[in-house]
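Trainee: Could you take me through one part of this structure slowly, starting with the space inside and ending at the RNA?

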Amino acid sequence: MSDLPPSDISHDQHAVRRAKLAEMRAGGFDPFRANVATTHFSGDAIKLHVDGQDNAVTVTVAGRLVTIRDMGKSQFVKILDQQGQIQLYVKKDVVGDVAYAAFKKLDLGDILGAKGTLFKTKTGEVTVRVESYTLVAKALHPLPEKWHGLSDPEQVYRQRYLDLIVNAESRARLLLRSRIVSHIRRFLEAQQFIEVETPVLENTAGGAAARPFKTHHNALDVDFFLRIATELRLKRLLVGGFDRVFEIGRIFRNEGVSRKHNPEFTMLEVYQAYSDHRGMMTLIKDMLTTLCRDVLGTTKIKHAASGQEIDFAGEWREVDYKDLIREATGDAEWFARSKAEKIAGAEKLGLSVSPTWEEFEITNEIFSKKIEPTLIQPTFVLKLPKELCPLAKISLDDPTTIDVFELTIGGMEVAPAYSEQNDPDVQRAMFEAQAGEEKQNIDHDFLLALEHGMPPAGGMGVGIDRLCILLTGAESIRDVILFPQLRPGSMKTGETDKT
RNA sequence: GGGCUGGUAGCUCAAUGGUAGAGCAGUUGCCUUUUAAGCAAUUGGUUCCGGGUUCGAAUCCCGGCCGGCCCA
């Protein structure tokens, strides 16, 4: 460090703020030891004002200083709290000379509480006429620019708190996510579903086909996997007599990071005894329709990618998987074709498939690349090939398919659901057929549970992040996750130097 | 993992291979109903990091770090 401290620190906003803090402390006031007893959030306070009755109601609000309009002997400023912004009017002859002089030294980003009466300005904005205020936290770094906000995506994700302070759309979008999750809970509880929590650490990562994260428990000296689904645990609860259960849980999959994938994401899984996949169709339609109505205030949303309007209140299309494939390939006999013919058919559609793939994988490539993206309106795809999921019941009228649906909205898979397989012997056979040489991955304890008897049930998984993408119009999963996963980075950290 | 693309002041962005600039923010003044408030003056740069080419590099080349988009 130089032993010649710069005499002019006015260009260094951090140093200026540190100097202001030091001056306050030297004068006997430390903002970090102060607090304020608020009476209202901003939005609630604003609602208290009655037209024509200025200065009739006194409130104490608190928040972060985000706008300052200094007019010499008075200032209009705005503070931001959980509900939004509220304007404060600070007049020198009301708060007094000393307090006013101190107020002029506040910086954008500082957190303060203010007490005063509500009035309406001549431009019609309900404002607090400040009688007294207290600084309760000093911001030692400047806020991002007030008009453009923070737009560097890396900083938006790494320093989400700044994004939330200055980007109103981000605040609104992420708050909406909380309301969506809250609504789902209330919706399910109203139908007597019980919310449960099951382990994240598992001996066998089952219930889905995905690469798990691995970790180690020191005291037991055993490796654990982070769960890739909650399915097998929740079904054990059906065996245990919890007839309607759900979990909104974090799932971990050790796979790529992309616009639609975060290594940890949130999944709702619902199981209802004595129901089936048809029952789940009713459940999810009710859930999403009321969700739209209660949270968004409309059942019609704009799908950004396609420009289409998605209507949740209309009839939801039901179509068999095989019919979609036959339609896309223009081949009524597709499922009777040889593997070589299927490969040729897929390539004719512009897809590159490998001869090492199983036939159902070739067919499913057509589904996920050529069909799914076109299913914008809510669509139940029914009767999937049995190879795609070993946990569902085989269809009675077609033993090559299973009694399931895949709900697709906006070209994205939003919710798969099954008539759950409860025959322990069929279940074991399905596991073995799928696991191949890796039979050690079979969850034998789950099979034991099934042998004790699981009631017939419908079950469903809903990707909460994808649902939020859809309902908030977000472009990326990162925009609906508060702290998305990034490579450990070199974001400038807060210095600890004292000036 | 591959292709394309980006990293410049606290933030948002400029800058033909030739003196690194603007707006906001900051600092100093003026202004007691402002709405991106206004007016005047003014400070501020390891151009992500490390090499190379060149008389000269923010700019061109190579390598690295961290993002974004597309693909796998």
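Mentor: A search of the whole structure finds 1 cavity of 30 Å³ or more (grid points, on a 1 Å grid over the protein atoms alone, where a 1.4 Å probe fits but cannot get out). This is a predicted model, where local features need pLDDT of at least 70 and side-chain atom pairs pLDDT 80 or more, while totals for chains, interfaces and linings use all residues. Residues are numbered from 1 along each chain, chains are lettered from A and ligands numbered from 1 as written, and side-chain values use heavy atoms, without hydrogens or water.

The largest cavity has a volume of about 40 Å³ (the space filled by probe spheres on the joined points). Its lining (residues with an atom within 4 Å of a point) includes E202, T204, R236 and D443. Helix α8, residues 231-239, gives the largest share, 4 residues (a helix is a DSSP run of H or I, at least four residues).

Now for RNA strand B: 46 residues surround it, with R69, K122, T123, E154 and R487 the closest (a heavy atom within 4 Å). D93, in turn, has a polar side-chain atom 3.2 Å from a base nitrogen. The largest share of this surface, 4 residues, comes from α5.

Note on methods: On a 1 Å grid over the protein atoms alone, a cavity is a set of points where a 1.4 Å probe fits but cannot get out, and a pocket is an open set with protein on both sides within 12 Å along at least five of seven lines; lining residues have an atom within 4 Å of a point. Helices (H or I, at least four residues) and strands (E, at least two) are DSSP runs, numbered from the N terminus. A polar contact is a pair of N or O atoms within 3.5 Å; within protein, one must be able to donate a hydrogen and the other to accept it, and residues adjacent in sequence count only if both atoms are side-chain atoms.
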